[in-house]
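This report concerns the structure shown below.

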Amino acid sequence: MNTIKMLCCTLAAAFVFGMPAAAQEAPAASAESAVRAETDDAAAEAPAAAATPDALWDEANTAYLNADYHTAIGVYERILAQGLVSAKLYYNLANAYFKEGEVGKSVLFYNRALRLAPGNEDVRYNLAVAETMTKDKIERIPEFFAVAWMRTLRHTMGCTAWSLLSLVLLAAMLGLLLLYLLSQRIGLRKAGFYGTLAAFVLFVLTTWFAVLERREILRSDEAVVMVASSAVKSSPDRAATDLFMLHEGTKATVTASLDDWCEITLADGKKGWIESRKIEII
């Protein structure tokens, strides 16, 4: 009987004191799994960390400087895919496309850069060079010289710059108005009165310019032909009569759309229908 009791106690002790050892091994395995999981997560996040916009920008610029324009285009496009845009990004991408001989894409992105930086002479010059590479030589309908002069003046700065200038003129107008109302000297009152009028006129003009520039940035009725050549039809039908031919890089204004077709108008007044897939909105 005593032997049986001792045997039972031994088994019970082995059962009770053997459990913590197994329990201690489990946390060790869990810790090892956690370390492995953290290592895997770090390895997975490494490419993502390397693909930051700044890193991609440097990579694209390096590829461009090394004349690897195809790689530069791909990396610039990856930056755009992240929802980031800027005049410099569009400008560099347009330059890369131009180097690759893709006139349509270069004209498209030069125009996009120009919308964000209308006063940038480098963008405007390169766009003019790219447009000379297009086959279609379209002459604009002559317009009143004052309209052209005002547009040129408006394009010297962007929407933000005109908005800031208008605020400065508004502050100047209020200051001159106070000078007119509070000054006791006739000379200062005259200066305040006429200065207020001049500041008001300039404030209205700069505000108008800012509104027009913003409207031009947001407009979605300008497009560029992206295919080597395409016939412009008399109606939105492939069987319709061909009116004229357009080639890659030609710019047009979209005036209407129907299903897979767009009605476009050229700078010389010609109109017609073209398939939507053959153009891209600026």
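The sections below describe this structure in turn.

## Basis of the model

The model is predicted, with local features requiring pLDDT of at least 70 and side-chain atom pairs counted only at pLDDT 80 or more, while totals for chains, interfaces and linings use all residues. Residues are numbered from 1 along each chain as its sequence is written, and side-chain values use heavy atoms, with hydrogens and water left out.

## Overall composition

The chain contains nine helices and seven strands, taken as DSSP runs numbered from the N terminus (helices H or I, at least four residues; strands E, at least two). Of its 282 residues, 32% are buried, that is, under 20% relative accessible area with a 1.4 Å probe, protein chains only.

Contact denotes heavy atoms within 4.5 Å. Among contacts between residues at least 6 apart in sequence, 54% join residues at least 24 apart.

## Packing of α2 and α4

Helix α2 (residues 53-65) packs with helix α4 (residues 87-99) at about 30 degrees, their axes being 11 Å apart. The two helices are therefore roughly parallel, a term for angles under 35 degrees.

On the α2 side, Trp57, Asn61 and Tyr64 take part; they meet Lys88, Leu89, Asn92, Asn95, Ala96 and Lys99 of α4. The residues of this contact comprise four nonpolar, three polar and two charged.

## Cysteines

The structure has zero disulfides, a disulfide being a pair of cysteine sulfur atoms within 2.5 Å. Cys159 is buried at 16% relative accessible area, and Cys262 is likewise buried, at 10% relative accessibility.

How values were computed. Buried < 20%, exposed > 50% of the residue type's maximum accessible area, 1.4 Å probe, protein only. Axes fitted to C-alpha atoms, helices over the stretch in contact; angles between N-to-C directions. Parallel < 35°, antiparallel > 145°, perpendicular 65-115°, else oblique. Nonpolar A, V, L, I, M, F, W, Y, C, P; charged D, E, K, R; others polar.
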